[in-house]
Amino acid sequence: MIASLSGIVKSSGTTSAVIEVGGVGILVHLTAKTAGNLKPGKPAEVFTSLVVREDSLTLYGFDTSAAREMFETLQSVSGIGPKVSQSALSIYDPSEIANAINGGEASVLDRKSTRLNSSHRCISYAVFCLKKK
């Protein structure tokens, strides 16, 4: 697993960036908030999670280790993949999701649900499933 990247930002888009580490440019998918904080030519550090699929290796990056841990926790629920998990972390703080899971109440996430639309149902389902664990 690649747990973090530290290097110089070569380019940055709205949801991804290329960070040069040891002369190699590594593409990392980010939340919009994290991507917005990265500036080309400046040093950056992101916490990462490598998602391995049959046809790809995709690196997702986060500004905190708590966000990375929540990303991985959400994916432990059947039917919740990296895109939905990352979408949730674009809207909610990891602590908001953790509080919903610990309280077993997805309704605490409703105040931002209109921005997440169908992904909100997936996160509500994840809260329900993770409460049981």
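## Contacts and burial in a predicted model

**The aromatic cluster**

A search of the whole structure finds two aromatic pairs. In one of them, the rings of Tyr60 and Phe71 have their centres 5.2 Å apart and their planes at 40°, so this pair is classed as tilted. Tyr60 belongs to strand E5 (residues 56-62) and Phe71 to helix H2 (residues 65-75), and the pair therefore links distant parts of the chain, the two residues being 11 residues apart. Phe62 and Phe71 also form a tilted aromatic pair, with 4.8 Å from centre to centre and 50° between the planes. Taken together, the ring pairs link Tyr60, Phe62 and Phe71 into a cluster. Is Tyr60 buried or exposed? Tyr60 is buried, as Phe71 is, and Phe62 is likewise buried, with a relative accessible area of 1%.

| Aromatic pair | Centre to centre | Angle between planes |
|---|---|---|
| Tyr60 and Phe71 | 5.2 Å | 40° |
| Phe62 and Phe71 | 4.8 Å | 50° |

**Charged and polar contacts**

Side chains of opposite charge can pair when their charged atoms come close. How many salt bridges does the structure hold? The structure holds one salt bridge, formed by Glu20 with Lys10, whose closest N and O atoms are 3.7 Å apart. Because Glu20 lies in strand E2 (residues 16-21) and Lys10 in strand E1 (residues 4-12), the pair ties together parts that are 10 residues apart in sequence. Both partners have some accessible surface: Glu20 counts as partly exposed at 30% relative accessibility, and Lys10 is partly exposed with a relative accessible area of 48%.

The side chains of Ser49 and Glu72 are joined by a polar contact of 3.0 Å, and Ser49 is buried, with a relative accessible area of 5%.

Which residues make the nonpolar surface patch of about 350 Å²? The patch is made by Ile2, Leu50, Val52 and Leu57. Of these residues, Ile2 is found in the segment before E1, and at 35% relative accessibility Ile2 counts as partly exposed.

**The two sides of helix H4**

In helix H4 (residues 94-103), the buried residues are Pro94, Glu96, Ile97, Ala100 and Ile101. When the helix is viewed down its axis, these buried residues fall within an arc of 165°, so they line one face of H4. On the other side of H4, Asn99 and Asn102 are exposed.

**A residue of helix H6**

Ala126 is found in helix H6 (residues 118-131), where it is buried, with a relative accessible area of 0%. Ala126 and Ser85 stand 41 residues apart along the chain, and their C-alpha atoms are separated by 9.8 Å.

Notes: Residues numbered from 1 in each chain as written. Predicted model: local features only at pLDDT ≥ 70, side-chain atom pairs only at ≥ 80, totals over all residues. Heavy atoms only, no water. Salt bridge = Lys/Arg side-chain N within 4 Å of Asp/Glu carboxyl O. Helix = DSSP H or I, 4+ residues; strand = E, 2+ residues; numbered from the N terminus. Buried < 20%, exposed > 50% of the residue type's maximum accessible area, 1.4 Å probe, protein only. Patch = residues over 30% accessible without salt bridge, like charges linked within 9 Å, V, L, I, M, F, W, Y side chains within 5 Å. Areas by Shrake-Rupley, 256 points an atom, 1.4 Å probe, with all protein chains shown as cover. Phe/Tyr/Trp six-rings, centres within 6.5 Å; stacked < 30°, edge-to-face > 60°. Arc of directions from axis to C-beta. Polar contact = N/O pair within 3.5 Å; in protein donor to acceptor, adjacent residues only side chain to side chain.
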